[in-house]
Amino acid sequence: MNERIKELAKWAGYNGHYATEEFDVDAFARLIVLECANIDFRHKVGMTTDQDFDTSRAIMEHFGIDSK
């Protein structure tokens, strides 16, 4: 699990080893969606500088996910 995902999971109640009863799956999902929306927003704000920006690839790279 990449460090950013671990950080978001901790915010949702993950204790670092396993999900406890306090772990809120809905909160974790919302945090991930907000993170993705933020990447897309940052792109749109600077759209004039990088027309070839691939939002999907940027999100995958941000979370350390290999597309292969």
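Which side chain meets that of Arg4 in a salt bridge? In this predicted model, the partner is Glu35, with a nitrogen-to-oxygen distance of 2.7 Å. The pair links distant parts of the chain, since Arg4 belongs to helix H1 and Glu35 to helix H2, 31 residues apart. Both Arg4 and Glu35 are buried. Salt bridges with shared partners join Arg4, Glu7 and Glu35 into one network. Beyond its near neighbours in sequence, up to four places away, Arg4 touches Trp11, Glu35, His62 and Phe63.

At the start of the helix, a side-chain oxygen of Asn2 comes to within 2.9 Å of the backbone nitrogen of Arg4. After H1 comes Gly13, with a positive phi near 115 degrees.

Across the whole structure, a search finds four salt bridges. One of them joins Lys6 and Glu3 at 3.4 Å; these two residues lie three apart in H1, about one turn of the helix. Lys6 counts as partly exposed because its relative accessibility is 34%, whereas Glu3, at 58%, counts as exposed. Another salt bridge brings together the side chains of Arg57 and Asp54 at 3.7 Å, and Asp54 is partly exposed, at 35% relative accessibility.

Methods. Residues numbered from 1 in each chain as written. Predicted model: local features only at pLDDT ≥ 70, side-chain atom pairs only at ≥ 80, totals over all residues. Heavy atoms only, no water. Polar contact = N/O pair within 3.5 Å; in protein donor to acceptor, adjacent residues only side chain to side chain. Helix = DSSP H or I, 4+ residues; strand = E, 2+ residues; numbered from the N terminus. Contact = heavy atoms within 4.5 Å. Buried < 20%, exposed > 50% of the residue type's maximum accessible area, 1.4 Å probe, protein only.
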